[in-house]
Amino acid sequence: MGERLLEVKDLSTHFFTHVGVVKAVNGVSFTLDREETIGIVGESGSGKTVAALSVMRLVPDPPGKIVAGDVRLAGRDLLALTEDEMRAVRGNDIAMIFQDPMTSLNPVFKVGDQIAEAIMLHQDKKKDEAWEMAAALLERVGIPDAKKRVNQYPFEFSGGMRQRAMIAMAISCNPDILIADEPTTALDVTIQAQIMDVIREMQTQFRSGVIMITHDLGVVAEIADKVMVMYGGRTVEYGPVDAIYYDPHHPYTWGLLGSLPRLDLAEKHRLQPIKGQPPDLLLLPPGCPFVGRCAYEVPRCRGEWPPLELVGPDHGVHCWIPVERRLEMRAGLPRFKEWVA
Ligand SMILES: Nc1ncnc2c1ncn2[C@@H]1O[C@H](COP(=O)(O)OP(=O)(O)OP(=O)(O)O)[C@@H](O)[C@H]1O
Ligand SMILES: [Mg+2]
């Protein structure tokens, strides 16, 4: 086992709104070691961003509150830090690429100023040098004409360029942990690959741990060492990347894998979205949030949340369906054989 950077245990974050309590994250646990990449996957609204914002302690309060759990950075209890101490952690130790680039770019300052500012704050560089580094970083994330662009304001950038500017800002401080929330969703494929390379380079150079949040299971397969599958604010399955792709145990994970576009299959077999709607987080059932959409549910699924069941080394699943039945059903999935072959 490598050096442990982050340990998140039983994290729960709820939003106390006027219509009720939105249970966005419910008892999520994971760890991240040096040089390791964890992929967090799950469909829209499953709590991925809120889980990441909780680690950064950036959940808007009110209405949000971390109601339970433990977040430790190299043993340090992040939930017990003062706001000043936490500010030092952000940027120095943990940086986040936000899903919405405008969250971290200030519209009234030049892009170069903002990146240079981050560099000066965290790396003790003079202004000239920081500006040069900012331009170099913009170039590295694929912004054409970077020397000119550093002098522009965020509104002069396209959405994709803003995303890249934010990535440049996040990696400028060489953080121990980089949280990337859908970093490439808005970008075209060539730029996507380039961004992934930049993140990987940074990771190798600084031995960072990376938390990659994405809908794209292709990206996860490529870069993650392990995967956490979230649904309705819960971790339904967790394990090494190969285990998730070749030995998935949760029916929701099967659904996710089943909805992957597969160029090697005939048209009619491609892209099968999971039927039904994600659960209303205001009215979560007491049991598994996937009930109602799961084709295999047993009566117990509606009663209580299943405990963690280990099905392989560091590979766990929360599911009431007995393991023999699960394997039987999985084998019966026509499109699935390719994944488990
Ligand atoms: N400020 C807020 N007030 C109330 N509810 C919120 C707030 N922020 C997030 N939520 C709720 O928390 C739940 C989880 O949201 P989250 O953004 O973590 O989903 P996600 O998995 O990141 O989805 P996506 O893939 O679309 O980014 C959602 O139901 C969302 O409506
Ligand atoms: Mg999100």
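How close do the axes of helix α6 and helix α7 come, and at roughly what angle do they cross? The axes of α6 (residues 159–172) and α7 (residues 189–206) come within 11 Å and cross at roughly 5°. This is a predicted model, in which local features need pLDDT of at least 70 and side-chain atom pairs count only at pLDDT 80 or more, while totals for chains, interfaces and linings use all residues. Residues are numbered from 1 along each chain as its sequence is written, and chains are lettered from A and ligands numbered from 1 in the order in which they are written.

**Overall picture**
- The protein chain has twelve helices and twelve strands; these are DSSP runs numbered from the N terminus, with helices being H or I of at least four residues and strands E of at least two.
- With 341 residues, a compact globule would have a radius of gyration near 20 Å, and the 21 Å of the protein chain agrees with that (taken over C-alpha atoms; the globule rule is 2.2 Å times the number of residues to the power 0.38).
- The C-alpha trace spans about 65 × 50 × 40 Å along its principal axes.
- Of the contacts in the protein chain with a separation of 6 or more, 62% are between residues 24 or more positions apart (a contact means C-beta atoms, placed from the backbone, within 7 Å).

**Burial and helix α1**
- In the protein chain, 42% of the 341 residues count as buried, that is, with 20 or more other C-beta atoms within 10 Å of their own, these atoms being placed from the backbone.
- Helix α1 (residues 48–56) is largely enclosed by the rest of the structure, because eight of its nine residues are buried.
- Those buried residues are K48, T49, V50, A51, A52, L53, S54 and V55.
- After α1 comes R57, with a positive phi near 55°.

**Helices α6 and α7**
- Their crossing angle makes α6 roughly parallel to α7 (angles under 35 degrees count as such); axes are lines fitted to C-alpha atoms over the stretch in contact, and angles run from 0 to 180 degrees between N-to-C directions.
- G160, R164, I167 and I171 of α6 make the contact with I191, I195, V198 and M202 of α7.
- By class, this contact has six nonpolar, one polar and one charged residues (Ala, Val, Leu, Ile, Met, Phe, Trp, Tyr, Cys and Pro count as nonpolar, Asp, Glu, Lys and Arg as charged, and the others, Gly among them, as polar).

**Helices α3 and α4**
- The axes of α3 (residues 111–123) and α4 (residues 127–140) come within 8 Å and cross at roughly 120°.
- The contact involves G112, I115, A116, I119 and M120 of α3, together with K127, A130, W131, M133, A134, A135 and L137 of α4.
- Its residues divide into ten nonpolar, one polar and one charged.

Methods
Two residues are in contact if their C-beta atoms, placed from the backbone, lie within 7 Å. A residue is buried if 20 or more other C-beta atoms lie within 10 Å of its own, exposed if 12 or fewer, and partly exposed in between; C-beta atoms are placed from the backbone. Angles under 35 degrees count as roughly parallel, over 145 as roughly antiparallel, 65 to 115 as roughly perpendicular and the rest as oblique.
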